[in-house]
Each structure stands twice: as structure tokens, then as C-alpha cells.
Amino acid sequence: MASSIVNVPFQAMKGVDCHYVGLKPSTNSKFSCVKTAIRVPSPRFFVVRASEKHDGPIEKLGLSDAECEAAVVAGNVPEAPPMPPKPAAPAGTPVVPSYPLSRRPRRNRKSPVLRAAFQETQISPANFVYPLFIHEGEEDTPIGAMPGCYRLGWRHGLVEEVAKARDVGVNSVVLFPKVPDALKSPTGDESYNDNGLVPRAIRLLKDKYPDLVIYTDVALDPYNSDGHDGIVREDGVIMNDETTYQLCKQAVSQARSGADVVSPSDMMDGRVGAIREALDAEGFQHVSIMSYTAKFASSFYGPFREALDSNPRFGDKKTYQMNPANYREALVETHEDESEGADILLVKPGLPYLDIIRLLRDNSSLPIAAYQVSGEYSMIKAGGVLKMIDEEKVMMESLMCLRRAGADIILTYFALQAARCLCGEKR
């Protein structure tokens, strides 16, 4: 934008013999005076005009600060764009007096800049833990009920998927194994095999990415021939203390291979304290425990069980997982896990249980995790495919809601896709 100015002499102050060459930028634009003095420009000569169209920066005039201030003090204020007109309402809008409201919350929502400035909840790739399914094969096998998810070959596909996640800031993963049926048993002994699938995968990832944070699942269901999280007695009862004994050995094996966080998802009573004691006894005081504190007997787990082929052969998991109708019971589990040494408390599922996430957040100073489970993921994917919803927007909204409810970290199959979205990449 160009500015114009009239090039005429100033009126000198009384007693000062001087003249002014002009206000137009020039190498000769200087005072020639006998004495040093402040010159006050004539109001009728100092005129700055701004063009109506802004094609570029306003041209500088080469004036000093004192000269600019003197012009304004003298009442010769440079022109600026005019006051913006009041926007007109559409025809037919009723004319009503303004309501005498002292507070109008919409004022803080009127522009993208203000909305961003006052946003109370933030989300970033650092908040995500990426659940990954692994198997013994070399090829990546698609999971039918979870579009975009695969059983990854532990030597190739797993490493490649972790590399993709790290490229967009996701540096935490949790591993879930698909164990060959021939290695499953009623007592789940394969769960603590130091050369089993999970320990091998941990060592491979730590060798490739030493700073990667690896969470592991501590439970017997992938290794149990009955498909339950614990040892099943002949009358169908899940044995608590005997299962916990096996879980301790599993957690120690995972820690020995390099796991950063072991995550008991079994819901056995007292298992957090027992695992903490077992880890400490083996010198793994630095290994954290993320307890599945409030894991509900939910119908949202279906696609996950297909991914691992870990459905119970009989019955259900209602004798150890929580009743979806219960709320206060989550506080009982919270207090127990805290007293036994848990480092992180997890709620599963996520979005249908926002009230439980908030309950734990308000009653514990420990970090809170939420698991956006396979059913939640698959519903959003299916809605997107059917064009019933905007998949990306619903994905990001659901994750933001989990954060707003109080989750510090979110285990989500959307981790890679959401991180790419946050980084500005296309799907």
C-alpha cells in the first residue's frame, strides 16, 4: 500500500532560524538549523493517506519518533482505515431491544483465535499409547472387524508400524499377542516364557528404538486354553490367588526383556500388590504398573477378541470384570490399586464410561488412562465407511472427550491416524 504526503515547509518555532526540506523520504531529509530545537509541523500541511486496498506494507517516510509524535500532538493525526460498518441483519429480522445481559459467554467463542486461546483441553500425540497386535507369521494379517488394523509380523510389520508412529510423535505402544493354539494351556505357562512372542518382540523393539516406551498386557487369556483371564477350576470358578501367582511370573518375564510398564488387565483381587512385590524382588523397581482399575464386563470388546482369537470357551467374565451398571465400585478398586502400588489407573472401555474416568480423576492424584476399545474404534470406522459420520472429525472429538473427562493418556487404535491429523498430514 502506498502513502502520499504533501511536501511543504514547516513553521519554525519562535527564535529558531531554520527551514525543512520536506517530509518525502530522501537522503536530504534533515533539518538545517542554527540551533537545536523541536519543530512542530503545521496541521494543515502534514497529511498521510492510506489507500483503500492493501497491496503491500505501508511505505515508511523516514521520520524520527520525535517528528511523528510532534505531528500527533499538534493534532495532525495520520489517517487510518475508516470505522467498520455495522453488519446488516437479513430482511425480516425482528427489531428487539438488546437484552440487559452482563455476561454473554458467546463473546469468548466468536473467532477461531479466541476459541483456541480459551480451549481448556489440549491433545497431542504424546497422549496416545498405540495398541499393536502381533503374531509369529511374517506377513501382516488384516483384522476383519477392525478396518485398518492388522496382526503384525513381529520381526517386520511391527517394526515398520512403530517407525510410522514415531514419525508423528507417538512413542508409546502396548503389545497384544496372538498365541498359537498349540502353546495354550489351562494354566497359561507360555505367558512367562522368556523366549515367547512378547518378550522377543520387546527385545527387538528396544534394540531398534531404545527410547520407545513399551507397555505390556499382563493376563492369561491369550495363553489360556479356556480363553479366560485366569485359571479355571473344574466347576467353572476362576481361581484368584493361583492366577495371581502366574501373573507375577509373567510380569517379571516382561520386565526382564525390557518392558517399561506392565499392565495387569485380569481384574484379580490383590494382583497389583503381588506384582509390585515380585518386580521389586527381582530388581525391577523402575518398572511401572498400569492397573486396569475399572475394567467392565463390556460388550464393546468383541473385535479385540477376534483379533487375538481369545473368546472364552464357555461362560463370560462377569465374576471378575466389573458390572457396567456400577459406579461406586470403581472407587473401591481405585483405593485398592493405589494402596498396592499402582502407578497409573486405567478405565476400560473409554467413551461409554466418561463418568468413571472423571470419578477416578477427582479421587486420585495418579495419572489416569482410558482405553478406547475395539468396539468404539470399529463403530466409528463403520460409520465413516457408510458416510453416516465424518470419520476424522468424530475420531478427534471422541479422543478430546476422553481427555476432557480426565484421561492423561489414551490407549487407542486411532493413535497413528489421529497423530497424523494433529500433525497436519492427510489420511
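This is a predicted model: local features need pLDDT of at least 70, side-chain atom pairs count only at pLDDT 80 or more; totals for chains, interfaces and linings use all residues.
Arg-107 sits in the loop between α1 (65–73) and α2 (112–117). Its relative accessibility is 41%, so Arg-107 counts as partly exposed.

Asp-269 lies in the loop between β12 (261–264) and α6 (271–281). With 55% relative accessibility, Asp-269 counts as exposed.

**Whole chain**

Clear the selection and show the cartoon. The protein chain has twelve helices and 16 strands. Of its 427 residues, 47% count as buried. Take contacts between residues at least 6 apart in sequence: 74% of them join residues at least 24 apart.

**Salt bridges**

Side chains of opposite charge can pair when their charged atoms come close. How many salt bridges does the count give? The count comes to 18.

Start with Arg-200 and Glu-136. Their closest N and O atoms are 2.6 Å apart. Arg-200 belongs to helix α4 (residues 197–208), while Glu-136 is in the loop between β5 (128–135) and β6 (141–142). The two residues are 64 residues apart, and the pair links distant parts of the chain. Is Arg-200 buried or exposed? Arg-200 counts as buried, because its relative accessibility is 18% and the cut-off for buried is under 20%. Glu-136 has a relative accessible area of 29%, so it is partly exposed.

Stay in the loop between β5 and β6 and pick Glu-138. Glu-138 meets Arg-155 in a salt bridge, 3.6 Å from N to O. Arg-155 lies in the loop between β7 (150–153) and α3 (157–167), so the pair ties together parts that are 17 residues apart in sequence. Arg-155 is partly exposed, at a relative accessible area of 40%.

Move on to Lys-381 and Glu-391. Their side chains form a salt bridge with an N to O distance of 2.9 Å. Lys-381 is in helix α10 (residues 374–385) and Glu-391 in helix α11 (residues 391–405), so this pair ties together parts ten residues apart in sequence. Lys-381 counts as buried at 12% relative accessibility. Glu-391 is buried too, with a relative accessible area of 12%.

Now select Asp-221, Asp-229, Lys-295 and Lys-317. Salt bridges that share partners join these four into one network.

**Last stop: Ser-374**

Return to helix α10, where Ser-374 is placed. Ser-374 has a relative accessible area of 1%, so it is buried. Which residues does Ser-374 contact, leaving aside its neighbours within four places in sequence? Display Met-146, Phe-300, Tyr-301, Gly-302, Pro-303, Phe-304 and Tyr-413: each is in contact with Ser-374. Draw a C-alpha to C-alpha distance from Ser-374 to Gly-302. The two are 7.2 Å apart in space and 72 residues apart in sequence.

Definitions and conventions:
Residues are numbered from 1 along each chain as its sequence is written. Side-chain values use heavy atoms; hydrogens and water are left out. Helices (H or I, at least four residues) and strands (E, at least two) are DSSP runs, numbered from the N terminus. Buried means under 20% relative accessible area, exposed over 50%, partly exposed in between (1.4 Å probe, protein chains only). Contact means heavy atoms within 4.5 Å.
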